[in-house]
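Biologist: Please show me the chain. Then I will ask about it step by step.

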Amino acid sequence: MGRGRQKAKHTKVARELKYFSPDTNYSALERELTSSQPGEPDYSKWIDDDDDADEAFEPNDEQKRA
């Protein structure tokens, strides 16, 4: 008899979770996504604006002849 009550409670909780839709604070979400985190590493030093890196993948004259 206790299993029926337990199942009914779980069903009730599951239904409440399924249909519960809290209000979303979009301004807080935007602030979180646009601001840089204090512990986040700075990857800007690894960005190379030089196009010479692309030349490393082009075959040289010897590889073209082979």
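Biologist: How many buried residues are there among the 18 residues of helix 1?

Modeller: This is a predicted model, where local features need pLDDT of at least 70 and side-chain atom pairs count only at pLDDT 80 or more, while totals for chains, interfaces and linings use all residues. Residues are numbered from 1 along each chain as its sequence is written, and side-chain values use heavy atoms, with hydrogens and water left out. Buried means under 20% relative accessible area, exposed over 50%, partly exposed in between (1.4 Å probe, protein chains only). Helix 1 is hardly covered, and its count of buried residues is zero.

Biologist: Where in the protein chain is confidence highest?

Modeller: Confidence here is pLDDT, given for each residue from 0 to 100. The chain mean is 77. Helix 3 (residues 52–55) is lowest, at a mean of 58. The highest value, 91, belongs to helix 1.

Biologist: Is L33 buried or exposed?

Modeller: L33 lies in helix 2 (residues 26–34). Its relative accessible area is 66%. That is over the 50% cut-off, so L33 is exposed.

Technical notes
Helix = DSSP H or I, 4+ residues; strand = E, 2+ residues; numbered from the N terminus. pLDDT = per-residue confidence, 0-100.
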